[in-house]
Amino acid sequence: MNVLIVYETKFGNTKQAAETVAEGIKEVEQIKTEVINVNEVDYGRVRDFDAIIIGSPTWGGNCTDTIKNFVNELAGLSLSGKSYAVFDTNSGIPLLSKAVKKMEKLISKKLPSFKKILPGLPVRVKGTKGPIVEGELPKCQNFGKEIALNLQK
Ligand SMILES: Cc1cc2nc3c(=O)[nH]c(=O)nc-3n(C[C@H](O)[C@H](O)[C@H](O)COP(=O)(O)O)c2cc1C
């Protein structure tokens, strides 16, 4: 099993969350993972992965446009048999929704054959630039481990 983690980041927090999710995944034997910035994805290799985990900062209550474009690109590849999960970072702005819900909605619309491994994980950062709030990184690690255990079943 091979897991691709794709993230976008402006201030580095979502990258840190992605790397921590990867640490959790690597705790489980026989599950391999790669962490890649959304701007560096090689679409020719996406097919090689069994699961795709997507992380986005929350901007204006949604994921970023680059992450939306990534999902649209995946939709053009006619992939089948893939699993997915999402996470976001957010500064907890009240009333605005978090990117996880929007990403799950987008994926269920654009990639209906993709199977959700786990409900998306929202990760809280302090203000706009971070850092990630204390207690959130262990949740990222556990999220990764749970993803890997689910894939192992
Ligand atoms: C243009 C912009 C819009 C944002 N909108 C929201 C928002 O709607 N809700 C929220 O909780 N945080 C919002 N934030 C805070 C981001 O979620 C925060 O900067 C991000 O999680 C940090 O991740 P990064 O370090 O990976 O860029 C916004 C930040 C920026 C720069």
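Guide: This is a predicted model. The shell around the ligand divides into 6 nonpolar, 13 polar and 1 charged residues.

Visitor: How many residues surround the ligand, and which are the closest?

Guide: The ligand is surrounded by 20 residues, and Thr 9, Phe 11, Asn 13, Thr 14 and Thr 89 are the closest. Helix 1 (13–26) and strand 4 (83–90) are the elements that give two or more residues to that shell.

Visitor: Why is Glu 34 called partly exposed?

Guide: A residue is buried with 20 or more other C-beta atoms within 10 Å and exposed with 12 or fewer. Glu 34 has 13, so it is partly exposed. The residue is found in strand 2 (residues 32–37). Leaving aside neighbours within four places in sequence, Glu 34 is in contact with Leu 4 and Ile 5.

Visitor: What makes Lys 126 partly exposed?

Guide: Lys 126 has 13 C-beta neighbours inside 10 Å, and therefore counts as partly exposed. Lys 126 lies in the loop between strand 6 and helix 4, where it touches Pro 131 and Val 133, not counting residues up to four places away in sequence.

Visitor: Which residues of helix 4 are buried, and why are they said to line one face?

Guide: The buried residues in helix 4 are Cys 140, Phe 143, Gly 144, Ile 147 and Ala 148. Seen down the axis of helix 4, they fall within an arc of 130°, so they line one face of the helix. The face turned away from the buried side carries the exposed residues Pro 138 and Gln 152. Cover for the buried residues of helix 4 includes strand 1 (2–7), helix 1, strand 3 (51–57), strand 4 and strand 6 (121–124).

Visitor: How does the span of helix 4 compare with the expected one?

Guide: Helix 4 (residues 136–152) has 17 residues and reaches 25 Å from its first C-alpha to its last, close to the 24 Å expected at 1.5 Å a residue.

Visitor: What puts the buried residues of helix 2 on the same side?

Guide: Ile 67, Phe 70, Val 71 and Leu 74 are buried in helix 2. They cover an arc of only 95° around the axis, which puts them on the same side of helix 2. On the other side, Asp 65, Asn 69 and Asn 72 are exposed. The buried residues of helix 2 have a cover that includes strand 1, strand 3 and helix 3.

Visitor: Why are the buried residues of helix 3 said to line one face?

Guide: In helix 3, Ala 99, Val 100, Lys 102, Met 103, Leu 106 and Ile 107 are buried. Down the axis of helix 3 they fall within an arc of 165°, so they line one face of the helix. Lys 105, Ser 108 and Lys 109 are exposed on the other side.

Visitor: Which residues have the most contacts inside the largest nonpolar core?

Guide: That core has 40 residues, and those with the most contacts inside it are Val 3, Ile 5, Val 21, Ile 53, Tyr 84 and Met 103. Among the elements that give two or more residues to this core are helix 2 (65–75), helix 3 (99–110) and helix 4.

Methods. Residues numbered from 1 in each chain as written. Predicted model: local features only at pLDDT ≥ 70, side-chain atom pairs only at ≥ 80, totals over all residues. Near = placed C-beta within 6 Å. Helix = DSSP H or I, 4+ residues; strand = E, 2+ residues; numbered from the N terminus. Nonpolar A, V, L, I, M, F, W, Y, C, P; charged D, E, K, R; others polar. Expected span 1.5 Å × (residues − 1). Arc of directions from axis to C-beta. Contact = placed C-beta atoms within 7 Å. Core = buried A, V, L, I, M, F, W, Y, C linked by C-beta atoms within 7 Å.
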